[in-house]
2 protein chains.
Amino acid sequence: MRKRRPTIIDVADRAGVSKSTAARALAGGENILPETRGRVLTAAQAVGYEPNHLAVGMRSGRSGMLGLVIPDIANPFWAEVARGAQDRAAEVGVSLLVFSSDWDPQKEENHLRALRRARVDGAIVNPVSDTLDDLDRFGLPFVLIGSSAERFADVSSVGSNITQAVTLGLDHLVAKGHQAPVLIVGPKSRLARTRFLNAVNRHCIERDVDPAPLLIVDGEYTLEGGREAMLQVLDRPHFGHVCVFAANDMMAIGAMLAVRERGLSCPEDVSILGFDGIPSGAFTFPGLTTIAKPGRDIGARAVESLFDEIEGRPEHGRVYMPCRLIDRGSLADLSREPRQMVG
Amino acid sequence: MRKRRPTIIDVADRAGVSKSTAARALAGGENILPETRGRVLTAAQAVGYEPNHLAVGMRSGRSGMLGLVIPDIANPFWAEVARGAQDRAAEVGVSLLVFSSDWDPQKEENHLRALRRARVDGAIVNPVSDTLDDLDRFGLPFVLIGSSAERFADVSSVGSNITQAVTLGLDHLVAKGHQAPVLIVGPKSRLARTRFLNAVNRHCIERDVDPAPLLIVDGEYTLEGGREAMLQVLDRPHFGHVCVFAANDMMAIGAMLAVRERGLSCPEDVSILGFDGIPSGAFTFPGLTTIAKPGRDIGARAVESLFDEIEGRPEHGRVYMPCRLIDRGSLADLSREPRQMVG
DNA sequence: GTGAAAGCGCTAACAT
DNA sequence: ATGTTAGCGCTTTCAC
């Protein structure tokens, strides 16, 4: 039999005061004799008192918990988001309930319900379903995370700055002497694809380049999708060095495997630039040069936005966090060699 | 202004019954007229009633929440553990608070305290500190996870079956025509190293092989550690095919990079077997053949053991989950070729 | 079969 | 400055 946890009454009794005095002392507020407060603190220490968050939440209407619903906790990017959110939440003394929806709208809905029952003070969600049905009925302050947030107006959201990321990547390619990269992108149905291509177009126009001749190849956002797309590229007639910008690190790594499969080598024959910044990119050979999304910062920022939402402060609106380039070696440096072409 | 969440009283009023009747109906218990119960259920549906877990927890003394403290949520293995625990917990209708200690004992202690304050019903912990100081004062049912559990007696724990895993790996090596693999293991200070080597010795004895001549190389449990260890091996005089069994996938991948660095190739010149089953192992070239720890099962099983612990049922004691081999191509098949030796 | 009432641990309004 | 009291939402006796 486990013995009862000490309550504030135990503390009060031991200090020889009433429970409200004990509460005041513990809260560190005013109207308390320093000597009394000392006695209470000592008593609390002595009995090993820990405030009961359930009871506090009940009185205050604040559970001190936040929810985070992401599509896949085993995906390194989302794990980073979770860690960032976790740390930020811990700093302000609240707990984070992390749920992985595994891309299943049903599971997502269940998790949202669980959060509501747990009386979390708010939630951060990357919605997998295309409708906000669950969410507008959610009845809780919430913040959206990731690119899907674009679909919904009037909702605070935090994501990465695709425009800046693409600029970073394309400028780097140019600096290394590459031009007109082949774009390996996701399937037409995905919003992320559109955003990526839009960013590329915008950048080209800004740099006075015609985006039209850019070769665009579709694929699933997976290793296999990247592999197949790359094989397609390599099997087209072409000469010279091939440069590829993949919209996703998994595809980039798949592309790298395809290059090797065709007896070519990276970066000698083919240069590859990825996008995401997953740790696996460091384990390929050569290491994958990529644009890293700031997963941790996104998570941390989402918690901050959520707090503003909870406190009823003016909304942040959409926040886009800057990405950074990780140079690892999958890009050839052609800047001092004669120009090459992709055909 | 967000409007008040409906309580059981709202439901009772709408159904025209008292709150205790409403509670009974919702609980699905006995002593209730089917017709009344129907009315209550309808009313609950209509007002969008969601039980308040804080209040329930307060009355029942059960918060309906469990804690999970792991060293690194961004590590794929631990993420799998978290997912397994998460899923299992969701199945029985409890929430899981996941905390990442980032290998920091201080952070771990803070998380443990947060769990206690949140009044979780129990916790699953992979302790980073060598002492159980925090834990025996923890004052909550808990289950240990991972190999560090070995240090503590009288505590339920769940981990992977190293003995079975090593047997699996070594038998596979033999089947592929390899013998006397070089062992790349962790630093002497780590308990996991001892367990791994013990398992190898035990297996050799069982198969009537002398384990003494096995070459053992130390390194940190990291990519770099594996790389350095492998370079050491390759720089020793040797001939023929080299076979390596790394105690950890990160080291195995590091070893693979080292092989390429020396102008050799895997699996033609060097065969590599890993241990862990991290997803990155699929992205190397060749893919890493490895023994996968059942992270998800471990998480799920830990939740079950924790429940037993909470319910006061007879303890499980130590549970070791079986591992499985993932064959990807980093091992040469020498079984039909003449014998090779490692010197 | 149903309702009234107590109480879980805490905070805040009110009284002293 | 400190004590008393009510009540957050729920479950669980105990009456009827």
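A polar contact is a pair of N or O atoms within 3.5 Å; within protein, one atom must be able to donate a hydrogen and the other to accept it, and residues adjacent in sequence count only if both atoms are side-chain atoms. By that rule, 19 residue pairs, both members at pLDDT 80 or more, are in polar contact between chain A and chain B. The model is predicted.

**Interface of chain A and chain B**

- The contact involves 47 residues of chain A and 47 residues of chain B.
- About 4700 Å² is buried between chain A and chain B, and carbon and sulfur atoms account for 58% of it.
- On the side of chain A, the residues that lose the most area to chain B are Leu54(A), Arg119(A) and Phe283(A), which together make up 17% of what that side buries.
- Ten salt bridges would be a count in words; in figures, the rule finds 10 salt bridges across the interface of chain A and chain B.
- A salt bridge joins the side chains of Arg83(A) and Asp72(B), with an N to O distance of 2.5 Å.
- Two or more residues on the side of chain A that touches chain B come from each of helix H4 (53-60), helix H5 (76-91), strand E2 (95-100), helix H6 (105-117) and helix H11 (249-261) of chain A.
- E2(A) gives the most to that side of chain A, with six residues.
- By class, the residues of chain A that touch chain B are 23 nonpolar, 10 polar and 14 charged.

**Relation of the two copies**

- Chain A superposes on chain B by a rotation of 180 degrees with 0.0 Å of shift along the axis, at an RMSD of 0.2 Å.
- The two copies are therefore related as by a two-fold rotation axis.
- The copies meet through the same surface, because 100% of the interface residues of chain A are also interface residues in chain B.

**Domains of chain A**

- Chain A is divided into domain 1 (1-29), domain 2 (62-160 + 295-321) and domain 3 (162-293).
- Between domain 2 of chain A and domain 3 of chain A, the C-alpha centres are 30 Å apart.
- Nine residues from domain 2 of chain A and seven residues from domain 3 of chain A take part in the contact.
- These two domains of chain A, domain 2 and domain 3, bury about 750 Å² between them, 62% of it on carbon and sulfur atoms.
- Of the area that domain 2 of chain A buries against domain 3 of chain A, 52% is supplied by Phe77(A), Ser147(A) and Ser160(A), more than by any other three residues.
- The side of domain 2 of chain A that touches domain 3 of chain A has three nonpolar, four polar and two charged residues.

**Local backbone features**

- Most residues other than glycine have a negative phi, and most peptide bonds are trans.
- Arg119(A) is not a glycine, yet has a positive phi of about 60 degrees.
- Arg119(A) sits in the loop between H6 and strand E3 (122-125) of chain A, and is one of the three residues of chain A that lose the most area to chain B.
- Phe285(A) and Pro286(A) are joined by a cis peptide bond, with omega about -5 degrees.
- Pro286(A) is in the loop between strand E9 (270-276) and strand E10 (289-292) of chain A.
- In chain B, a cis peptide bond with omega about 5 degrees joins Cys266(B) and Pro267(B).
- The loop between helix H11 (249-261) and strand E9 (270-276) of chain B holds Pro267(B).

Methods. Residues numbered from 1 in each chain as written. Chains lettered and ligands numbered in written order. Predicted model: local features only at pLDDT ≥ 70, side-chain atom pairs only at ≥ 80, totals over all residues. Heavy atoms only, no water. Contact = heavy atoms within 4.5 Å. Buried area = accessible area lost by both parts, 1.4 Å probe. Salt bridge = Lys/Arg side-chain N within 4 Å of Asp/Glu carboxyl O. Helix = DSSP H or I, 4+ residues; strand = E, 2+ residues; numbered from the N terminus. Nonpolar A, V, L, I, M, F, W, Y, C, P; charged D, E, K, R; others polar. Domains from an automatic or database assignment. Least-squares fit on C-alpha atoms with pLDDT ≥ 70 in both.
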